[in-house]
Amino acid sequence: MSYFSLDSSGGGREWRQRLVRGALIWGVWTLVGVFFASQLYVYFARTERVISFSRALVWQLAAVYLFALFTPLVLWLSRRFRFERADWVRAVVVHALAGTLISGAWGAGHILLDTLFNRDITKFTLDMLLRYTFFQLDKELLVYWIIVLISQAANYYQRYREGELRASQAQLQALKMQLHPHFLFNALHSISALVHLDPEAADRMIARLGDFLRLTLETQATQEVPLRQELEFLNCYLDIERIRFHDRLTTRVVVEPQALNCRVPNLILQPLVENAIRHGIAPRAAPGRVSVSAMRRGGVLCLEVSDNGAGLSETRAGTSGNGVGLQNTRARLQRLYGGAHRFEMSNDPRGGLVVSIEIPFLSDDGDAHETATQPEVSGGSYIPALSK
């Protein structure tokens, strides 16, 4: 097997990255050369030695391309010898030596080019080359250190952003994993209450709990999932709660077809529905209702969970709640969307509590509308099979 056939996808991506970096280096130096050429042309235009712009351009491009030839080496040295706390002395020594050598090569090359384009090549001597190279060394060193410092700054910024992203992902993962023990405790408590009173119902609840855990394990490293997948999680959870409450719980889920492929935070609906059941339905002796809706309004996805319970007291109206699930949900939304989201809890004038969430509408496949898999359509709203 030849070298070029190994890991064709990874190797091709690496070569594309190298080509992009090379094009960027030469492109930047070309712009610098054009700028210097315009300055040189204007300078000679005011003297008796007028030169054409094309000659000035070739002259200056040749000069800056000497920088371009050595730039990959300078960038490699910058990455290899960073100014870290433990190795800063070695880095300074290496860059001082390498910078002097590379800057000397740049200076000698530029002296030769200036002599050639000034038509003074016959007067050129080795002593002149060494003398003028020494006089120009400070300018060449300045270029070397500018490249090194820009590279170091870009590297530190990239490492900072990667560290910030890892910290953010870790925090999101920790917030999401907090839901599992919280939910499992409540589910196992319900199963223990049913295991002697209604073993068949307890067996069904265990089966649905297994399905729920399987779905969460399949997406444990995923922060966002399509809404249709989130509804699968919710379906498993509602099956468990309907077994627990029997006829005391009625659920209804209404989702616009165009919202099914929108990405939403993983397990965003379950804690909201759990809160509605725990505080709005469980304390009631009469049958209760929990409704979930999702719709698109321009570039925003609107999610709503409501119940017909007692709602919030006057002292808690307008707050975000103090439960683990609600605090967790609010923190995850803030981490994922910052100020581009809305999370509100309010009393429904008809009775009960309404939890509203608005997040950016981000779809994996654009604005695709599902029609073939809709079990029931009523008034343009998708009513999944999980409604009861």
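The views below all come from a predicted model.

**View 1. Helices α2 and α3 pack against each other.** Here we have α2 (residues 53-80) alongside α3 (residues 88-117), with 11 Å between the axes and an angle of about 165°. Since angles over 145 degrees count as roughly antiparallel, that is the label for α2 and α3. The residues in this contact split into 17 nonpolar, 4 polar and 4 charged. As for handedness, α2 and α3 cross in the right-handed sense.

**View 2. Helices α6 and α7 cross at roughly 20°.** This pair is α6, residues 227-245, and α7, residues 270-281, whose axes come within 10 Å. That angle makes α6 roughly parallel to α7, because anything under 35 degrees gets that name. The crossing of α6 and α7 is right-handed. On the α6 side, look for Glu 230, Leu 234, Tyr 237, Leu 238, Glu 241 and Phe 245; they meet Gln 270, Val 273, Glu 274 and Ile 277 of α7. Sorted by type, the contact residues come out as 6 nonpolar, 1 polar and 3 charged.

**View 3. Strand β4 pairs with β2 in the parallel sense.** To get your bearings, find Val 254, whose bridge partner in β4 is Ser 293. A handy thing to keep in mind while tracing side chains: in a regular strand they alternate between the two faces of the sheet.

**View 4. Strands β4 and β5 form a hairpin.** β4 also pairs with β5 (residues 300-307), this time in the antiparallel sense and over 8 bridges. Arg 297 has Val 300 as its bridge partner in β5. Between the two strands lie 2 residues, and Gly 298 in the turn has a positive phi of about 65°.

Definitions and conventions. Residues are numbered from 1 along each chain as its sequence is written. This is a predicted model: local features need pLDDT of at least 70, side-chain atom pairs count only at pLDDT 80 or more; totals for chains, interfaces and linings use all residues. Side-chain values use heavy atoms; hydrogens and water are left out. Axes are lines fitted to C-alpha atoms, for helices over the stretch in contact, and angles run from 0 to 180 degrees between N-to-C directions. Helices (H or I, at least four residues) and strands (E, at least two) are DSSP runs, numbered from the N terminus. Angles under 35 degrees count as roughly parallel, over 145 as roughly antiparallel, 65 to 115 as roughly perpendicular and the rest as oblique. A crossing is left-handed if the near helix is turned anticlockwise from the far one by less than a right angle, and right-handed if clockwise. Contact means heavy atoms within 4.5 Å. Ala, Val, Leu, Ile, Met, Phe, Trp, Tyr, Cys and Pro count as nonpolar, Asp, Glu, Lys and Arg as charged, and the others, Gly among them, as polar. Two strands pair if DSSP finds at least two bridges between them.
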